[in-house]
Structures are given as structure tokens and as C-alpha cells.
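Here is a short briefing on one structure. Keep the 3D view open while you read.

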There are 2 protein chains.
Amino acid sequence: MIRSGTGNLDHSVVFAERSKRKAGISAFQFSGRSVENDEIISLNFGLPDESLFQIPNLQEACMRALHADHVKALQYGGATGTRRLPNFIAARFARQWGTSAEHGAVLVTNGSSQALDLIGRLFLDPGDEVWMEEPTYFGAIHIFTLNGATLRGFPIDHDGLITDAVEEDLIHRKNSNAPMPKLLYTIPNYHNPTGLTMSGPRREHLARLAREYGFYIVEDDAYGELGFSGAVSPPIRTMAPENTLYVSTFSKTIAPGFRLGSVIAPEQIIQGLQSMKAEGGTGGLIQEMMANLLESMDYDHHVRSIAAMYHARCDAMIRAMASCMPEGCSWTMPKGGFFVWATLPEHVETAALWSCALRHGVSFVGGQPFYVSESGANRMRLSFSYYPPDQIEEGIFRLGSAVKAYLSDASRENAG
Amino acid sequence: MIRSGTGNLDHSVVFAERSKRKAGISAFQFSGRSVENDEIISLNFGLPDESLFQIPNLQEACMRALHADHVKALQYGGATGTRRLPNFIAARFARQWGTSAEHGAVLVTNGSSQALDLIGRLFLDPGDEVWMEEPTYFGAIHIFTLNGATLRGFPIDHDGLITDAVEEDLIHRKNSNAPMPKLLYTIPNYHNPTGLTMSGPRREHLARLAREYGFYIVEDDAYGELGFSGAVSPPIRTMAPENTLYVSTFSKTIAPGFRLGSVIAPEQIIQGLQSMKAEGGTGGLIQEMMANLLESMDYDHHVRSIAAMYHARCDAMIRAMASCMPEGCSWTMPKGGFFVWATLPEHVETAALWSCALRHGVSFVGGQPFYVSESGANRMRLSFSYYPPDQIEEGIFRLGSAVKAYLSDASRENAG
């Protein structure tokens, strides 16, 4: 062990190489950091609104999970023994999409983050490639990098992932006998961070490519229940079931603090994922509580009403941006989810803008962490999930002022 | 993707190499499997007795965690925001062992299994060595193998790990410029599976070796609170704080279904472990419930009373073994924990004995999964944790009968 100049030991000299990789930004670094300061409107982190956490039903759901008859939830094996939550998840997917409930198997995980981690662990040898939309969820960049993958980003437009670009690369790899990607990670509905949605034809195209070229699609549908209008394209998993791992979470629809997510995939893959778990299974007690809660409520009605609430907030943000953002800025118009993605004039670096915005009383997430390459410097992600409409409007007003101030400082610098 | 003879796809051809390693037996494979059959007395899995799960206090603890004031537990960042559980853990360790509460930092994990997994992930490059007692907890074999380690086992006697053997190997490595181990994993109190305890002098010796040779001790104290008599040696962490990661869990003292464990280690290492987590942090809700529960009870009194109960069960097992096991068998006499470790005559293979035992209405865990090398064929682990004393006695009676029947079949085969 090596002692630093201060005499403190530096343990990191013996840490594994994987700990030293630039690995995206671990999600926890954003956990409500700026939110503690009531004076800042923190449009940075995608926190669901706490008023939506079903507190009355939750208390009863917990009580019932602790009733003597359900003591098995407290025992080892509770997670594999009690199948209520995976059965709920499987049945709901089958009902929504017209598939058979036995079509694939379900694994409950410690949030969708653990799902991605298990997938990385099961599939990725060092150097294996994971292809992704770019920009994408920084947590996925972190997790796949931790698992030794080489990441490759592909562009998005208003129909989502540009699957022609993916196909072009696949053809090139095949023709030059170069390695194929192992996984392709996508957030097809109300994408994090862009808010965009992958069209039906693009999904069909991606499904065909996966079957033809033998890679696996990791379909992250964290926001899928939070669409603002009726029409939703079916999951890619319904189009390529043998090639698709469908990942979901209860963090946005119920509450993040349960830390419960799931994977639906072919049975053999689910068994493989289970064997990659270090712990025997996701906690039995919290699963029983969630199962009780879901069965005690009209979950369809619940997600529709919270989606309507987020819809109103998104509308407030879009209207305010049209009103407050200076010329040269543009932004996406999401049809669901939590996020609007804004593009500022090319010379603006949102990382540098950040402190100016803080002085104006608003924060956001600059674009760079969402990219595999080093671009995204003039982009930002804005969350409409946490605040009511009036505070969102105020936050965008402050952001507009900050951007204008930043731009006019920049012109003065350029001029003088 | 390759189709098997039945026409089903074989996805495993693209699974990573790590998924194919002989990796010990994942803990979940033992999750109460035989316990479902009421006619078998399952002395195999180390399940705590369910009558001990503090149900009345738990209901109230959950209720309070869901009260509106505590809604932060349901939000992202709950796990890092609410410090009550890590603070409880740090304060208790400091009080028990006379150290300063700021002495090292605490990370709450999804059970001690996740703690071991994060440690493996942070420290282990492919081929790095983890040294261990042999036999040892099969879950640790699984986890460190998953993380790419080469495992090396060292013998145990009635004072625990034979640290002279460890030192001899370290000297040899140093003299021949061969690589040093990165980690040494030990269960010093009421060891799983042998029930043995590492003496004070052996702990001091191991601490000195770690400091001198620069490896890290992973001290797994899952059973540390469950000693049958007063005198306990201090944790190795008190002797080599810069070199020791102290791992613990609430699975044996409260209930496994919470899935809550912890690591106490130098601050820099705790930060490193945190960054290896795929999910932002262990679920906030379940942590709040546990913190409420622990603060609402006299936890010291609680662990003393459950230890007394396990003491009575251990005594019943030992008495019954003295009475029922045939000549040529021996066993350990644990001073705490959940397990007795039995050695049968050398020609007996406990894996082959297993079906004979089932026919007699009793099960156990054969020795082999606990070994890094392929030995242990004539050993078995017997848990006294799950059943009341009378059923333990009946179980051992059945086991004795099974062993006698097996031995007499074996002699007949040898004779004829």
C-alpha cells in the first residue's frame, strides 16, 4: 500500500482496472443533490413527484406482507418461493400485448439497474461491444462499462434510433469479418434523455436486424407506462422474442424507494441472469409488499392518472420554453416520460452555462454524460417530473434568463 | 444463435466466459428446497427460525417508514440521504469494540452477498488471488469466482484458520517473486460450515500478515452476534483497520427477507464500493423500516435471547449425535452460529449417502460445495437453526440410522 504525501494510505493502487475506467456518471451522484436547496428549481434529476407515492395503500400492503401467514416473505427463498410479483408482471405484459403469459420468463431485480448489470455480467466478455442510442441514459453507460464492454453510439432522429445507420455498420462488420455487437441497448419509449419515441417501422427493422445478425436487444422500458396519448407501438420484444430482453421498473410508476425492477426474456436467459446474481434473490419482503399493493389497486387507472399529471407538466414546460428561450435554441416535444432535451447554439457549452444557471436559481443536466463520444456539449436535459406546472414555468423563465445572460456575456467577450 | 437438436435456441453460446466457470453453488439453489416436504427433516439449509421474526415490531416499523414525514425513503437518493441505518451500524460497532464511530465508513448493501460482490468487483482483476479458509461458505466461492478470481484454500483447526500455513505461502511467494494474494476471505466467528472460531492470537497473526504483505482481509461476521457464551475475540478489523473490510448482515439476527447487509472499511474503499454499485443505493424504504425496527427494540437483548435459543438447539444436536452416530464419525462443537460439521469414515461419500438419508427422512449438505479443491467428500454440514430441539433429535436419529444402513450396505458390497 502506498502512502500519499499527507501520510494517508492510497488503497486505490490495488483496485481493479475496471474501477478506473471513465464509466459514465453513476446514477447516485445525481440523487437529488441540488434539490435540497429550496431556492433552486432543480430541473436536473428525473425524480418522480412524491405526492404520487400511494401512501395509504402502501401502509395496508406492508401490513399484510407482515401478517403471520406471509412470514415466508421474511425467509430465505422468499424471492423464488413467492411468485406473485413475477406472475403479475408476466400477466400484465401478456394482457397488454396479446402474447401468451408463458412466452418467456420473468426475473425480479433490485431495480432496472440490477437488471442491466446482470445482463452485462451474463453476456459480456472484455471487449465485447454494446451498441446504444446516442445520447443515452448515463446509468447504462456506467453499468456496461463496468462490465467491460466497448460502447458504440448511434444517432437518433424524431423516429428514434436511426436503424439504417445500425444496419450499415452491421453489413460492414460482416463483410470485413469484424466482430459483431453482443448487445444493443435501447429506450424506445419516451427516451432518456431525449424524450423521443421509436416508431413502429424502426422497431420492426431493429427486430429483423437482431434476428439476422444474432445480437440481443436490451429494451429498457422504464417510462413505457407514462405516455400522454393512446397510441403506443408494441414492445420490440413482441417482434423478436428470442432476441430481446425487456427491462422494466416500478420506480417511475410506484416509487423508486422500493428498488424493484424486472426482466422478461427467454427462459434460458432468465436462468442465466439468476445465476449471475450474487444474492439469492431480490428481497422477499419488499416483493410481497409490492405484490399486495399492485393487487389492491387499479394499476391501469393509476398509471393513466399519473401520466395525465406528467402530461400537464410537460405542456407547461414546452409552452414556457417557447416563450422564454432565446433564438437559436430548439427542443424535443416528448409524447410521454419525464424529459425534454434542449439544444443550444453550437458555441454554448452547457457545462459552463451551469453555474450561470445556478445563479439564476435553476439547474439542469448538461448533455455530455449522456454521450459515449465526447459530444453533447451544447445540449441539456430538463426534467418536468418533479415540480408542479407553475414552478416549471418559473424554472424555464429563469433558464431563459440565464441563457440570455450567458449569450450576451459571450458576445461581449467575442466583441472585445 | 445455435439451435439444439429439439429446435430450441441455445442462447448460452453467446454467454460470457465467466458464466461457464465452475463457480461454487449459488446460494439460491438451496433456498429451502427440501423444506417444502414436511416429512423430511431438512438439516441442510441454514434458515433462521421464522418464529423469531419480530412481527409485531415490524408492522409498526413499516407503518412509521411510510408516514408522510418519511416519504423521502420512497424517493431516489433515499439510500444515501437517510443515514440512520449506516449510523446505527457504525455506532454499534464502535460501542461493542471501543473504537471511534468515525473510524472507517459504512456502506449498506443488499445483503452481505452484495457486499462480497462489490468487494470482488472493486479489487479483482482477472487472475487475482483470493485466499480463503477451506472449507468455506459456498456463496463466497461463487461470488469471487464470478468476479474472475483464482481461489486458494487454507486448512482450519480448532483455533480456526491455520495462519502459519498462510505465512509460509506468503514467504514463499515473496522469495520467488510470485504474485501476492489480493484478498483473504475469512469467517472468524462460528464459521460456515465448520462452526469453528478463530482464536485471538490467530487473529493478531493474520492482522500482522495483512499489514506486512499488503493484502486485504474480508472479514465476514454473519454469525458474530450469535455466540453461546460471553467471551468473544475482537474483530480482526480492530487489529488492522486499514487492511480489513468488515462485512455483516441482518439476515440471521432479524430476518433474511429484508436483504440488508453492510461493510465497514476505510472511507476510500467505501467510496470505491459505492461506485461499483449498479443501482444508486440499497432501497430506501426497506432501510427506513429496518432503522425504525432497530431503534424500537433492545437489539442487544434480542440477539442474546435468540442466541440462547440456538444454543439449546445446538446442545440437542450434539447430544443426539453422541447418542446416534456410529463409530468412525466425528464432529465439531461450535460455540455459536448455526452449524455443526461432521466427518464420516473416509470411504463414505456424503453425496452418495444423500439419497439414503432422504429415504430415512433427513437431509444435510454434503461437504464438496464448500471446498475450492475437490475434497470434502466425506464431510457434511448440519444446521440446527431451523427446527426445535425435539425435531433436531429426531433428525439426528434418522441420520444415524441412515449412516449405519449405508455403512452396512457398503460392507456387504465389500465382502461379497
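A:Arg121 and B:Asp117 join their side chains in a salt bridge, 2.8 Å from N to O. The model is a predicted one. Between chain A and chain B the count is 2 salt bridges.

**Interface of chains A and B**
- Chain A puts 79 residues into the contact, and chain B puts in 78 residues.
- About 6900 Å² is buried between chain A and chain B.
- Carbon and sulfur atoms give 62% of that area.

**B:Met289**
- B:Met289 sits in helix α9 of chain B, which spans residues 284-296.
- B:Met289 counts as buried because its relative accessibility is 0%, and the cut-off is under 20%.
- Beyond its neighbours within four places in sequence, B:Met289 touches A:Cys62 and A:Met289 from chain A.
- In chain B, its contacts are B:Ala61, B:Cys62, B:Ala65, B:Leu66 and B:Phe258.
- B:Arg64 is 225 residues away from B:Met289 in sequence, yet their C-alpha atoms are 7.6 Å apart.

**Helices α3(B) and α9(B)**
- Helix α3 of chain B covers residues 84-97, and its axis comes within 8 Å of the α9(B) axis.
- The two axes cross at roughly 45°, so α3(B) and α9(B) are oblique to each other.
- From α3(B), the contact uses B:Arg84, B:Leu85, B:Pro86 and B:Phe88.
- From α9(B), it uses B:Gln287, B:Glu288, B:Met290, B:Ala291, B:Asn292, B:Leu294 and B:Glu295.
- These contact residues divide into 6 nonpolar, 2 polar and 3 charged.

Methods:
Residues are numbered from 1 along each chain as its sequence is written. Chains are lettered from A and ligands numbered from 1 in the order in which they are written. This is a predicted model: local features need pLDDT of at least 70, side-chain atom pairs count only at pLDDT 80 or more; totals for chains, interfaces and linings use all residues. Side-chain values use heavy atoms; hydrogens and water are left out. Helices (H or I, at least four residues) and strands (E, at least two) are DSSP runs, numbered from the N terminus. Buried means under 20% relative accessible area, exposed over 50%, partly exposed in between (1.4 Å probe, protein chains only). Contact means heavy atoms within 4.5 Å. Axes are lines fitted to C-alpha atoms, for helices over the stretch in contact, and angles run from 0 to 180 degrees between N-to-C directions. Angles under 35 degrees count as roughly parallel, over 145 as roughly antiparallel, 65 to 115 as roughly perpendicular and the rest as oblique. Ala, Val, Leu, Ile, Met, Phe, Trp, Tyr, Cys and Pro count as nonpolar, Asp, Glu, Lys and Arg as charged, and the others, Gly among them, as polar. Buried area is the accessible area (1.4 Å probe) that two parts lose on being put together, summed over both. A salt bridge is a side-chain nitrogen of Lys or Arg within 4 Å of a carboxyl oxygen of Asp or Glu.
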